[in-house]
Amino acid sequence: MFKGTKLYSILFNKCPRCQQGDFFVKSSALTLRGFDRMHERCSNCGLRYEQEPGFFTGSMYISYAFYVALTVSSFLLFTAILDVDAVDLLWGLIPAMVILTPFFFRMARLIWINFFVSYDPAYTHPAEPNNKIKL
Ligand SMILES: [Zn+2]
């Protein structure tokens, strides 16, 4: 449905360039063991995911934004609308943040790489035999 958009790559754990190969080894963030393991390269187009050492350091800013959005929206919902005490909210928010960490981690990395790599369905891997060099 969203194929060809950055949203497809982000939501379905796909390579940002070809949207065929998987980005993370595990398809779900719910598998706690190895939820953060990434493929080194795309199995379809060969895109190297970690394009330089420390490439994904910038994704921490995105992850931080997720936590801030969760905190602010929870605060507005529970204290302003539902009249929950702010301290009680904090005690509920801490486990929620821990539980959501795998989701935020994965989403942040996928969003980060989608900033720099665009969808290119015509790209073919240089090692493929059908790929001819244009002169
Ligand atoms: Zn790819």
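Before anything else, a cut-off: I call two residues in contact when their C-beta atoms, placed from the backbone, lie within 7 Å. With that, arginine 109 touches Phe56 and Ser59, leaving out residues up to four places away in sequence. Keep in mind that this is a predicted model.

Where does arginine 109 sit? It is found in helix α3. Arginine 109 counts as buried because it has 24 C-beta neighbours inside 10 Å, and the cut-off for buried is 20 or more. Other buried residues of α3 include Phe104, Phe105, Trp112 and Ile113. The cover over the buried residues of α3 includes α1, residues 6-11, and α2.

Now the pair. Helix α2 spans residues 59-81 and helix α3 residues 86-116. They pack at an angle of about 145°, and their axes are 8 Å apart. The crossing of α2 past α3 is right-handed. On the α2 side, the residues in contact include Ser59, Ile62, Phe66 and Phe78; on the α3 side, Ala86, Leu93, Leu100 and Arg109 are among them. By class, that contact has 17 nonpolar, five polar and one charged residues. As for arginine 109 and isoleucine 62, they are 47 residues apart in sequence, and their C-alpha atoms are 8.2 Å apart in space.

Last, the shape of α3. Its 31 residues would reach 45 Å in a straight helix at 1.5 Å a residue, but the end C-alpha atoms are only 39 Å apart. Where is the kink in α3? At leucine 100, shortly before proline 102, and the kink is about 50°.

Conventions
Residues numbered from 1 in each chain as written. Predicted model: local features only at pLDDT ≥ 70, side-chain atom pairs only at ≥ 80, totals over all residues. Axes fitted to C-alpha atoms, helices over the stretch in contact; angles between N-to-C directions. Helix = DSSP H or I, 4+ residues; strand = E, 2+ residues; numbered from the N terminus. Left-handed = near helix turned anticlockwise from the far one by under 90°. Nonpolar A, V, L, I, M, F, W, Y, C, P; charged D, E, K, R; others polar. Expected span 1.5 Å × (residues − 1). Bend = angle between axes of the 7 residues up to and from the residue. Buried ≥ 20, exposed ≤ 12 C-beta atoms within 10 Å, placed from the backbone.
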